[in-house]
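I set out to record what I looked up in this structure. The entries follow in the order in which I made them.

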Amino acid sequence: MRAREPVSRDARSLTLAEGRLDYVLVRRRGRRGVGLKVDESGLTVNAPLSMPVARIEALVRESEAWVLRKIDEWRSRRAPPIAWTDGARLPFLGGGLTLRLALAGRTRVERVASEVRAAVRAPDEGEIRRAIVAWYKREALAYLHERVLALSAAARLPAPRLMLSSALARWGSCNTRREVRLAWRLMKAPPELIDYVICHELAHLRHMDHSGAFWAEVERQCPNYRQLRARLFDTDYLYRSF
């Protein structure tokens, strides 16, 4: 039986007991119940077109333990935690940068050649991590925006609105409002893997599903997507190290 085509596909988030959870809501005409799927991309919720979001999310909360267990299974492979000390290695665009710390009256972070120089007010791991994550987000906004513009132009698509995501279970998402969300943690991955994720989301601007037509569009934009997708899947734990 042919699957019903989705009417909409939207990136959303809800609050569970464990904190915020990002998910994708897919609505289909004629669907009777709510279905939950957790894979390497995170949680996808399939629901009837007419069902209120509040009811859908109530059903997700009823399955909270199962959802979180499945997400944890996908995250089970993890890289060793970062030591937030001078000389630590930070993953960046498939390579590594050396963290250099100094004390100063105000916090600031900048990249100089192969180093990330962070001036912080106190040698506190929490403050250092927050400063470095903020720096990654600034780098991500500039770099990902440039790649989205270039790849959407190559695909002959109007550039979508880009937003950053802090999701741990999903690299990217796209909705019917032509908004693309990309995880800032992608900045740890090699450029070719980042481009694959962007092409994947741009393909959703033409096909809001994972049909054969969708994957054909992904292949049109990114001919070696299968190899890149496998690499991302096999090493994604490295890029989620913090």
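Entry 1: The model is predicted, so I noted its terms: local features need pLDDT of at least 70, side-chain atom pairs count only at pLDDT 80 or more, and totals for chains, interfaces and linings use all residues. Residues are numbered from 1 along each chain as its sequence is written, and side-chain values use heavy atoms, with hydrogens and water left out.

How many disulfides does the structure hold? I found 0, a disulfide being a pair of cysteine sulfur atoms within 2.5 Å. Cys 199 is in no disulfide, and the nearest cysteine sulfur, in Cys 222, lies 4.9 Å away. For Cys 174 the closest cysteine sulfur is that of Cys 199, at 13 Å, which is too far for a bond. Cys 174 is buried as well, at 0% relative accessibility.

**Entry 2: His 200.** I then turned to His 200, which I located in helix H4; helices (H or I, at least four residues) and strands (E, at least two) are DSSP runs, numbered from the N terminus. His 200 is buried, with a relative accessible area of 10%. Leaving aside neighbours within four places in sequence, His 200 is in contact with His 210, Phe 214, Trp 215 and Val 218, where contact means heavy atoms within 4.5 Å.

**Entry 3: the nonpolar cores.** I used this definition: a nonpolar core is a set of buried Ala, Val, Leu, Ile, Met, Phe, Trp, Tyr and Cys residues joined through side-chain atoms within 4.5 Å. Which residues of the largest core touch the most other members? Among its 53 residues they are Leu 99, Ile 132, Tyr 136, Leu 144, Leu 182 and Tyr 196. Elements that each supply at least two residues of this core include strand S6 (95-103), helix H3 (125-154), helix H4 (191-203) and helix H6 (225-239). H3 gives the most, with 11 residues.

Not counting residues up to four places away in sequence, Tyr 136 touches Leu 90, Pro 91, Phe 92, Trp 184, Met 187, Lys 188 and Phe 242.

**Entry 4: an open sheet.** I traced 3 strands that form an open sheet with mixed pairing, in the order S9-S11-S10; two strands pair if DSSP finds at least two bridges between them. Strand S9 (161-165) and S10 are the edge strands, each pairing on one side only. S9 and S11 run parallel and are joined by 5 bridges. I noted that Leu 162 has Val 180 in S11 as its bridge partner.

**Entry 5: positive phi values.** Which residues other than glycine did I find with a positive phi? Ala 113 has a phi of about 55 degrees, and Arg 178 has one near 60 degrees. Ala 113 sits in the loop between strand S7 (108-112) and strand S8 (115-120), and Ala 113 is exposed, with a relative accessible area of 67%. Arg 178 lies in the loop between strand S10 (172-174) and strand S11 (179-183); at 30% relative accessibility, Arg 178 is partly exposed.

Terms used
Buried means under 20% relative accessible area, exposed over 50%, partly exposed in between (1.4 Å probe, protein chains only).
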